[in-house]
Amino acid sequence: MTAPHKPASTSAPIHHIISHRWSPRAFDSRPVEPEKLRSLLEAARWAASAYNAQPWSFIVATKDDPENFQRVLECFVEFNQSWARHAPVVALTAAFLKFPHNGQPNRYAFHDVGQAAANLALQAAEFGLQIHQMAGIDPEKARKTFGVPPDYEVVSGIALGYPGDPAALPDQLRERELAARERKPLAAFVYAGQWGNPSPLVKP
Ligand SMILES: Cc1cc2nc3c(=O)[nH]c(=O)nc-3n(C[C@H](O)[C@H](O)[C@H](O)COP(=O)(O)O)c2cc1C
């Protein structure tokens, strides 16, 4: 068995890198070329952000730096460690919680870290790479391990690499790896006129 292809089944045409992005748990051991990794981070850099505050930071470790790879990995919850340890690259994202121009709270900080992560994920898909983002992390452990300053919050973990053979996964995870990707229909979240009233644009 090789890595599955899991393109989205869409109700309207979308760009192929959007439909071909997905979140694997089985990764190939093949390292990610440093120039591709740099492009992924460059894509993140060009995300839009409120007041152009660019609140994102990334702590990145590749397997050829085993000590730092392990330090990042150990900030993930055990379940996520169990599969993410096979990825060639792991990362943590963090948000700067204040606007640099006036020191006021930035309520869009997490939103914009998410935009940067989405850019990174799409650039990865363009290269045949995939990322798997994780809420299952220990942010306080990450803060202590990496000396994250007080005005920052650690947001998420990322495992990154070329998708691998799901046969390497335990049974339950293999099933999830091979299952079809699902989404709510557009009419469930695109409204017009009144909250909950599906927009005519997306009525089936
Ligand atoms: C912010 C965020 C947190 C997530 N947390 C986890 C996690 O802790 N563990 C996990 O296995 N998957 C996690 N996921 C992956 C989602 O379950 C996955 O994106 C979702 O099921 C949709 O699948 P797709 O990305 O393949 O389209 C997370 C995804 C995001 C964006």
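Which residues are closest to the ligand, and how many surround it? The count is 14, and the closest are Ser23, Arg25, His132, Ala135 and Arg183. Near here means a heavy atom within 4 Å of the molecule.

Some ground rules. This is a predicted model: local features need pLDDT of at least 70, side-chain atom pairs count only at pLDDT 80 or more, and totals for chains, interfaces and linings use all residues. Residues are numbered from 1 along each chain as its sequence is written, and side-chain values use heavy atoms, with hydrogens and water left out.

Back to the ligand. Polar contacts are pairs of N or O atoms within 3.5 Å; within protein, one must be able to donate a hydrogen and the other to accept it, and residues adjacent in sequence count only if both atoms are side-chain atoms. His132 places a polar side-chain atom 2.7 Å from a ligand nitrogen. Ala135 uses a backbone N or O atom, at 2.7 Å from a ligand nitrogen. Asn80 has a side-chain N or O atom 2.9 Å from a nitrogen of the ligand.

Now the sheet. Helices (H or I, at least four residues) and strands (E, at least two) are DSSP runs, numbered from the N terminus. Four strands form an open sheet, order 1-2-4-3, with antiparallel pairing. Pairing takes at least two DSSP bridges. Strand 1 and strand 3 (130-134) are at the edges with a single partner strand each, so one side of each has no neighbour in the sheet. Neighbouring strands are turned by 25° against each other on average, direction ignored. Strand 1 and strand 2 are joined by 7 bridges. Ile59 sits opposite Leu92 in strand 2.

Next, helices on the sheet. Axes are lines fitted to C-alpha atoms, for helices over the stretch in contact (heavy atoms within 4.5 Å), and angles run from 0 to 180 degrees between N-to-C directions. Helix 2 (residues 34-45) lies across strands 1, 2 and 4, at about 170° to strand 1. Helix 5 (residues 109-126) lies across strands 1, 2, 3 and 4, at about 155° to strand 3.

Last stop: Ser49. Ser49 is in the loop between helix 2 and strand 1. Is Ser49 buried or exposed? Buried, with a relative accessible area of 16%; the cut-offs are under 20% for buried, over 50% for exposed and partly exposed in between, with a 1.4 Å probe and protein chains only. A polar atom of the Ser49 side chain lies 3.2 Å from the backbone nitrogen of Ala53. Beyond neighbours within four places in sequence, Ser49 contacts Gln54, Pro55, Trp56 and Asp112.
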